[in-house]
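Open the model in your viewer and keep the selection tool at hand. This tour goes from stop to stop, saying what to select and what is there.

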Amino acid sequence: MADEPRRRNHLMEGPLALPSRLRSLRVLAETRRLALAVLPLGASIGLVAAFALTGIERFEALLQGHGVRAWAMVVMPFVGLLLTGLWLHLSGLGEVSLVRDLSQARQHPLATFRFLPSLGKAAACALTIGFGGSAGVEGPARWLGAAVGAQFHRLFRRLALRFRWARRLLAQPGVIVMAGSAAALAAVFRAPIAGALLATEHEGDLSADRLAPALAASASGFLVFIALRGTTPLLGAAGSYHLMAREIFWALPLGLGCAVAASFYRRLLRFGRHHLGRLPLPVRGGVTGLGLLLLALPGAWLWPGLPVTQGGGIELVSHLLHGGTPSSQALAFLALKLAATSLTFAGGGVGGTWLPSVTMGAALGAAFEAWAGLGQPGLFVLVGTSAFTGAVHRSLLTPVVFLAETTGQAALVVPALVATVAAYQATSAE
């Protein structure tokens, strides 16, 4: 019996110890990559995002101070789409799809994000969004974060050819690209978990090998961003909400309404791309830019100072959260934003569709809230953002996590889940 402990120790020191040792070495290698490669990447992107957002806000304040903003809100989207079409044509880039690039990056990350074409596409994003096209900054941020991740990997690969220590920091390029996307989204959304989920989720599939680095980069990017910009949530509600049975019950028809509106939006977008896609890009940009100018006129006349059709729409969502918006007005917001977003992307505009989807869902939720009269202003505005976004982007979990993080309202999770599941199930995949 005394020999039994010795026999066990002998077995643990023999071949059976090899798998444990390999696991330890793998954990050490992954920890080293996270600490010395992924975390600095995320922090760098968070720093760039903070300075970029500050610069945009100061530029807008400068325009407003000189009295340019009132007429520019109407005219600038036309100029922006026209310049975008000319730039894409003259640069030889042709029609750009950030979604297609990010999809291709899953298989060929380094080939997708070549340096000079990436700069050209970034310029197209700036022309579309900077001049007031109906597109969100999260699309370019996600794409640019991925492009920075690709360049980061190229840098480490060159270092690895010269220095032995740098070889230990090399990771799969696809992992670094997704980590860069997650960090950028976390900064733009002020939501680290939602940023990582949106960067890594693909057709409902989440890979742990890519999610872990994405979460690490997202966390470091978020921390750097809030250190410079503060912790103000993206969708700050006026007060807290209380969850009752009636909110859960009414979330179901709201989700079904979002499914109908999202399906119409997707069909309108396909229709515009199909018919306008036959035109040369400069002509297409001019035609759709003129359409954006006409769509901006009602908003500038009826709701001066409120960008109804321009940009991602966060200012419009903030307006709706205060409550008191009549259902007819909220439906007018929905129709104008839906048409403007469809025209922007059908005309060759380059940007994100997540924040415009959030805005359209908020407008539909405001109309539903005014009709139902449930006494919690803003609750169904926020639930509508999750349901509409889930239907458009074919995602169940990410919109709900996004809503919870960007509002800090735990009571929203249950009705948002009900509405998002209903909207997701009622829409078909493309």
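Begin with the aromatic rings: the count comes to 9 aromatic pairs. Keep in mind that this is a predicted model.

**Stop 1: Phe189 and Phe402**

Select Phe189 and Phe402. Their rings form an edge-to-face pair, 4.8 Å centre to centre, with 75° between the planes. Phe189 lies in helix H9 (residues 173-189) and Phe402 in helix H18 (residues 397-407), so the pair ties together parts that are 213 residues apart in sequence. Both Phe189 and Phe402 are buried.

**Stop 2**

Trp354 is buried, as is Phe402.

Which residues does Phe402 contact, leaving aside its neighbours within four places in sequence? Select Phe189, Ala194, Leu234, Leu235, Trp354 and Val358 to show them.

**Stop 3: the nonpolar cores**

Widen the view to the largest nonpolar core, which has 85 residues. Phe189, Leu320, Phe333, Phe380, Phe388 and Phe402 touch the most other members. Colour helix H16 (residues 354-372) next: this helix gives the core its largest share, 10 residues.

**Stop 4: a ring cluster**

Select Phe249, Trp250, Phe368, Trp371 and Phe380. Ring pairs link these residues into a cluster.

**Stop 5: Leu256**

Go to helix H12 (residues 245-276) and pick Leu256. Is Leu256 buried or partly exposed? Its relative accessible area is 43%, so Leu256 is partly exposed. Beyond residues up to four places away in sequence, Leu256 touches Ala422 and Ala426. Leu256 and Tyr424 are 8.8 Å apart in space and 168 residues apart in sequence.

**Stop 6: a surface patch**

Switch to a surface view and select Leu47, Phe51 and Leu228. Together they form a nonpolar patch on the surface, with about 300 Å² of accessible area. Leu228 belongs to helix H11 (residues 208-229). Leu228 counts as partly exposed because its relative accessibility is 49%.

**Stop 7: two arginines in loops**

Most residues other than glycine have a negative phi. Check Arg190 against that. Arg190 is not a glycine, yet its phi is positive, about 55°. Look for Arg190 in the loop between H9 and helix H10 (192-200). Arg190 has 21% relative accessibility, so it counts as partly exposed.

Then jump to Arg394, in the loop between helix H17 (379-393) and H18. Phi of Arg394 is also positive, near 55°. Arg394 has a relative accessible area of 22%, so it is partly exposed.

**Last stop: the whole chain**

Zoom out and show the cartoon. The secondary structure comes to 19 helices and 0 strands. Of the 430 residues, 50% are buried. The accessible surface is about 20400 Å², and 66% of it belongs to carbon and sulfur atoms. Among contacts with a separation of 6 or more, 81% join residues 24 or more positions apart. Phe189 with Phe402, where the tour began, spans 213 residues in sequence.

Methods:
Residues are numbered from 1 along each chain as its sequence is written. This is a predicted model: local features need pLDDT of at least 70, side-chain atom pairs count only at pLDDT 80 or more; totals for chains, interfaces and linings use all residues. Side-chain values use heavy atoms; hydrogens and water are left out. Patches are made of residues with over 30% relative accessible area and no salt bridge: like charges are joined within 9 Å, nonpolar side chains (Val, Leu, Ile, Met, Phe, Trp, Tyr) within 5 Å. Accessible areas come from the Shrake-Rupley method with a 1.4 Å probe; for residues, only the protein chains shown count as cover. A salt bridge is a side-chain nitrogen of Lys or Arg within 4 Å of a carboxyl oxygen of Asp or Glu. Helices (H or I, at least four residues) and strands (E, at least two) are DSSP runs, numbered from the N terminus. Buried means under 20% relative accessible area, exposed over 50%, partly exposed in between (1.4 Å probe, protein chains only). Contact means heavy atoms within 4.5 Å. A nonpolar core is a set of buried Ala, Val, Leu, Ile, Met, Phe, Trp, Tyr and Cys residues joined through side-chain atoms within 4.5 Å. Rings of Phe, Tyr and Trp (its six-membered ring) pair if their centres lie within 6.5 Å; planes under 30 degrees apart count as stacked, over 60 as edge-to-face and the rest as tilted.
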